[in-house]
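Me: I am new to this structure. Please show me how to read its features, one by one.

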Amino acid sequence: MTSAQPVRHAEAYRCGRLFAAVAALQRLAQNEHHGLGQSGVAEKAAARPEPHLREPLREIVHYLLQARTRGHGVAADPVFRSLTDFLPPAKTVPTSLSPDERPDFHRGREEQMALIAKEYPPLG
């Protein structure tokens, strides 16, 4: 294993957590039919995170405001604030992840989803 591999795996994990947080905000804003919650999207995002997160990240403030309008501000506000913790150190979301990095993406996504569901059971 090269010294760059642990960094890339950490980025993949962080991307998974970012995906979960953005998906939770979308869900709070739009209901269970939100784009990142569609069947197969998480699997595709594990391979190519940036193309799947590009537009949702541009719309993130809109999701926050929409969630607040729908009465979900108590859950949406802390999820929104957590997003900066999950941005990759390079400040850009990786365009692609190798097959050996994808389990780290899924682990990050699952752990963040579990944390959000624990804090805000309606999102579980």
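**Reading helices and a pocket**

Reply: Start with helix H6, residues 102-119. Its 18 residues should span 26 Å at 1.5 Å a residue, and its end C-alpha atoms are 26 Å apart, which agrees. Helices here are DSSP runs (H or I, at least four residues), numbered from the N terminus. The expected span is 1.5 Å times one less than the number of residues. The model is predicted: local features need pLDDT of at least 70, side-chain atom pairs need 80 or more, and totals for chains, interfaces and linings use all residues. Residues are numbered from 1 along each chain as its sequence is written, and side-chain values use heavy atoms, without hydrogens and water.

Me: Which residues of H6 are buried?

Reply: Buried means under 20% relative accessible area, with a 1.4 Å probe and protein chains only. In H6 these are Asp-104, Phe-105, His-106, Gly-108, Arg-109, Gln-112 and Ile-116.

Me: Which residues are buried in helix H4?

Reply: In H4, residues 60-69, they are Ile-60, Tyr-63, Leu-64 and Ala-67. Seen down the axis of H4, these buried residues fall within an arc of 100°, so they line one face of the helix. The arc is taken from the directions from the helix axis to the C-beta atoms.

Me: What follows H4?

Reply: Gly-71 does, with a positive phi near 85°.

Me: Which helix gives the most to the lining of the second largest pocket?

Reply: A pocket is an open set of points on a 1 Å grid over the protein atoms alone, where a 1.4 Å probe fits, with protein on both sides within 12 Å along at least five of seven lines; lining residues have an atom within 4 Å of a point. H3 gives the most, with four residues.

Technical notes
Helices (H or I, at least four residues) and strands (E, at least two) are DSSP runs, numbered from the N terminus. Buried means under 20% relative accessible area, exposed over 50%, partly exposed in between (1.4 Å probe, protein chains only).
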